[in-house]
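Here is a short briefing on one protein chain. Please look over the sequence and the structure before reading on.

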Amino acid sequence: MNVRDSEHFVAQLKDEYDLCDDASQADLVLINTCSVREKPVQKLFSEIGALNKIMKPSSKLGVCGCTASHLGKDIIKRAPYVDFVLGARNVSKIKQAINTSKFVSVDINHDETEFAFNDYRPNPYKSYINIMVGCDKKCTYCIVPHTRGQELSVPFSLIFNEAQKASQAGVKELFLLGQNVNNYGKHFSNPHEKMNFSALLMRLSQIEGIERIRFTSPHPLHMDDEFLEIFSQNSKICKSIHMPLQSGSNAILKAMKRGYTKEWFLDRAQKLKKLCGDNLSISTDIIVGFPGESQSDFNDTMDVLNEVRFEQVFSFKYSPRPHTLAATMDNQIPANIASERLTRLQARHNEILDEITNSLENNVLKVYFEELRNDGFVGGRSDNNFAVQVKGSEELLGQILNVKITQAKRMLLNGELV
C-alpha cells in the first residue's frame, strides 16, 4: 500500500519534478512512513536528521503516510526543518502541501476513493491498484484504523478504468490492494454499483490482456465458499494467497478480536488446498508474545504452522502501539520469552520451507519475467509466487514462460526455460 501511495505522489508531481537518486541534489524529498510496528517510527526521526544534514537549504522535506497520520504536527515540533506532514488518507493534497508553509493534513476520514490520480507505473509489467482504503476491524493490536480511517471501497468504474489502462500499456498482472480486500463492496462514500470481491475478481479477469491477478490482504473471516470456489477455478487468479493467522490460539484470537477461530482458519486452508491442489501457496502473518500468551497458546500457533505448512511467514514479536487496546492489557509478555518463541517459530518455518522448496526441483513452473538481475539473470514470479531466475536477457521481460527448476534455495529458485 505504501508503494502504491508513493506511486500516486510521483504521478501527481511528475509534471513539475523529475525523480532523482541523490537526496543531496533533490529539491523535494518525501518520506513515506509505516506505523504498524514501533521500529519504523523510531527510524523516522533518525532518517529526518540525516537528510537535514545533506539536503540543499532551498529543498523541501515532507513526511507522509501512517506515522504522519499518527503524529501529525508533533513531527514538525520535534523536527522544525520538516516542511509539511501529510497523512495516509491525504495523498491527493500533495501539491497543496508543497506550496503551503508548514502544511499539516492528517484527516483519517478524508475521502480519496473517487479521486482519479494521474497515471504512473514504474513497473511496466505489473500494476498495483487500490480497491479500498481504511479498515473497520477492531483488532486490539492494530493502529491502522487510527491512521488510515474507516473502510471505504473504490467504485468499480475507477478500478476497471485503471485496470484497462494498465492492460493497454502492456501490463499482464494486476495486484489489488486493501486492508481486507474480500470485504470489498460493503461501504462506498456515495451510491455505486454494488458488487462483492468475488464478482470484482470475475469482472477484472475478463479484461483482454490481463493474464494474472493477485491481491492482498484477504481476511480469514470473509473467506466464504463462493470466494474459495472462484479463487480456485478462475485460471487468471494466481494460486498464491495471504491468510493472516496472527495466532493459532482461540483464546488469543478472541483477545485480538480477530473474529474467527483456529478451527475456522484450518477449515479454510484445508478447503483451499483441496480445491487448488499442489500448485497453491499460502503466506501468513504471525504475532508472538501477545499479552497473556501462554506456552500452550504458542503451541497452538506452532500446531497451525505445522498443519498448514505456509510457504511464507511474516512473523514478529508483539509491539505495543498507541491508541490500541492491547497496549493497556495486563500480562504483557517479557521480551526474552517473546524472542525465544519467535526464534523457535522461525526456525521451524525454515525447516518447512526447505522441505517445500527442495520438492520443487525438476518441477515446471509458469513464470512471469519482470526484472533484469545481476550476472545475466532475469527474474520473475511463478503463479504460486516463488521467486525464480533463469539465464537470459531483456527479451524475456513481460513474458510468461515455463521454467524447469534446477536448483532450489530458500528464497530463490534457479531454473532453465523449457
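**Charge, burial and salt bridges**

Lys317 lies in strand β12, residues 312–317. The model is a predicted one. It holds 21 salt bridges.

**Surface charge**
- Lys317 gathers with Arg37, Lys39 and Lys43 in a patch of positive charge on the surface.
- Lys317 is partly exposed, because its relative accessibility is 32%.

**Helix α9 and its cover**
- Helix α9 spans residues 225–233, and its buried residues include Phe227, Leu228, Ile230, Phe231 and Ser232.
- Among the elements covering these buried residues are α8 (197–205), β9 (212–216), β10 (240–242) and α11 (262–276).
- Asp225 and Arg268 form a salt bridge through their side chains, at 2.8 Å, N to O.
- Asp225 lies in α9 and Arg268 in α11, so this pair ties together parts 43 residues apart in sequence.
- Asp225 is partly exposed at 37% relative accessible area, whereas Arg268 is buried at 6%.

- Arg309 and Glu355 meet in a salt bridge at 2.8 Å, N to O.
- Arg309 sits in the loop between α12 (295–308) and β12, Glu355 in α13 (residues 335–359), 46 residues apart.
- Arg410 pairs with Asp354 in a salt bridge, with the closest N and O atoms 2.9 Å apart.
- Arg410 is in the loop between β16 (400–408) and β17 (413–417) and Asp354 is in α13, so the pair ties together parts 56 residues apart in sequence.

**A buried loop serine**
- Ser92 lies in the loop between β3 (84–87) and α5 (94–98).
- Ser92 counts as buried because its relative accessibility is 19%, and buried means under 20%.
- Leaving out residues up to four places away in sequence, Ser92 touches His110, Glu112, Phe115 and Phe117.

Methods
Residues numbered from 1 in each chain as written. Predicted model: local features only at pLDDT ≥ 70, side-chain atom pairs only at ≥ 80, totals over all residues. Heavy atoms only, no water. Patch = residues over 30% accessible without salt bridge, like charges linked within 9 Å, V, L, I, M, F, W, Y side chains within 5 Å. Areas by Shrake-Rupley, 256 points an atom, 1.4 Å probe, with all protein chains shown as cover. Salt bridge = Lys/Arg side-chain N within 4 Å of Asp/Glu carboxyl O. Lys, Arg positive; Asp, Glu negative; His and termini not counted. Charge placed at Lys NZ, Arg CZ, Asp CG, Glu CD. Helix = DSSP H or I, 4+ residues; strand = E, 2+ residues; numbered from the N terminus. Buried < 20%, exposed > 50% of the residue type's maximum accessible area, 1.4 Å probe, protein only. Contact = heavy atoms within 4.5 Å.
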